[in-house]
Amino acid sequence: MARAKMRIALRPAVYPADRAKGRKIPLLKSNGTLGTAALVERMASGGSVSQAQASAFLHRLLEVMGEALLGGQRVQLGRLGILEMHAQGLFEADGRPVTGKKPTVELGFRPSKEVKKLLKDFGYEVVEASTREPQLEYVHNTEDGRPVKSLVPGELYCAAGRLLTYKASAADEGLFLVQGNRFGAGVKIKKMSMSDSRKVAFRLPNDTKPGNYWLELRRRFPRSEHIRVARLEIVISEL
């Protein structure tokens, strides 16, 4: 089962001047849960839609969001922030999942600038939780730097993201091409190089067949035996 993790943490923003004045900041406390039924009731309270219409809209919205997340897309929640899924694969050296430990998926939330500002106005600051997960954000053309979705075999590209550092000598680390949702499978791209932790240049193999793929960055963190995986959906077209 997928496990959810909030990718933010809250802490009181107490600055030296406030500390000197003995200023106290109240902690955020749980005030119950706003469930689906309550959401439907509030949506229909304005009178513009019925509860049946509000319920149908909400359930369809959740279905669309779920499909998008499972398809590797990030979901922008208006002025609240972004929901995104991150795969965490546990692999053996030959690419097979570790026995008895299936790959997991985490659901993360990134608050928008408006939400961060609102919390700051109330005396809080939002800090990144220590998730230590690599992320692939997009692939761009090395000539003009424009993001691309369709890649051509034999061409040179650059994958951009965060925490993309890998051990070049490790057979199970680096960039891999995977067809379908087969965690742990795939072919390693041999021609690649890191410029820093945010960019990996690579040349797509000439014999790559056209189709839909996942581009995966697999790496280990220090003092960890498990592989962490970042995934990005791409399309490979014909020469």
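**Figure 1. Leu34 counts as partly exposed, because its relative accessibility is 41%.** In this predicted model, L34 is placed in the loop that runs between α1 (16–20) and α2. L34 also belongs to a nonpolar surface patch, together with L39, M43, F57 and L61.

**Figure 2. A nonpolar patch on the surface is formed by L34, L39, M43, F57 and L61.** Together, these residues have about 410 Å² of accessible area. Two or more residues of the nonpolar patch come from each of the elements α2 (36–44) and α3 (51–70). L34, by contrast, is a loop residue, lying between α1 and α2.

**Figure 3. Five strands form an open sheet in the order β8-β7-β10-β14-β13.** The pairing in this sheet is antiparallel. Its edge strands are β8 (147–148) and β13 (192–196), each of which pairs on one side only. In general, the strands of a sheet are paired through hydrogen bonds of the backbone, in either a parallel or an antiparallel manner.

**Figure 4. Strands β10 and β14 pair in the antiparallel sense.** Strand β10 comprises residues 156–162 and strand β14 comprises residues 199–203, and the pairing extends over 5 bridges. Within this pair, L156 is located opposite R203 of β14. Among the elements of the chain, β14 has the highest mean pLDDT, at 93.

**Figure 5. L163 has a positive phi, near 55°, although it is a residue other than glycine.** L163 is situated in the loop between β10 and β11 (174–178). The relative accessibility of L163 is 26%, and L163 therefore counts as partly exposed.

**Figure 6. Residues 1–21 have pLDDT under 50 throughout.** For this segment, the model has 51 contacts beyond four places in sequence. Strand β1 (residues 3–4) has the lowest mean pLDDT among the elements of the chain, with a value of 40. For the chain, the mean pLDDT is 76, and 71% of the residues reach 70 or more.

**Figure 7. The chain contains 4 helices and 16 strands.** Of its 239 residues, 35% count as buried. The chain exposes about 15,200 Å², of which carbon and sulfur atoms supply 54%. Among the contacts between residues at least 6 apart in sequence, 62% join residues at least 24 apart.

Notes
Residues numbered from 1 in each chain as written. Predicted model: local features only at pLDDT ≥ 70, side-chain atom pairs only at ≥ 80, totals over all residues. Heavy atoms only, no water. Buried < 20%, exposed > 50% of the residue type's maximum accessible area, 1.4 Å probe, protein only. Contact = heavy atoms within 4.5 Å. Areas by Shrake-Rupley, 256 points an atom, 1.4 Å probe, with all protein chains shown as cover. Pairing = 2+ DSSP bridges. Patch = residues over 30% accessible without salt bridge, like charges linked within 9 Å, V, L, I, M, F, W, Y side chains within 5 Å. Salt bridge = Lys/Arg side-chain N within 4 Å of Asp/Glu carboxyl O. pLDDT = per-residue confidence, 0-100.
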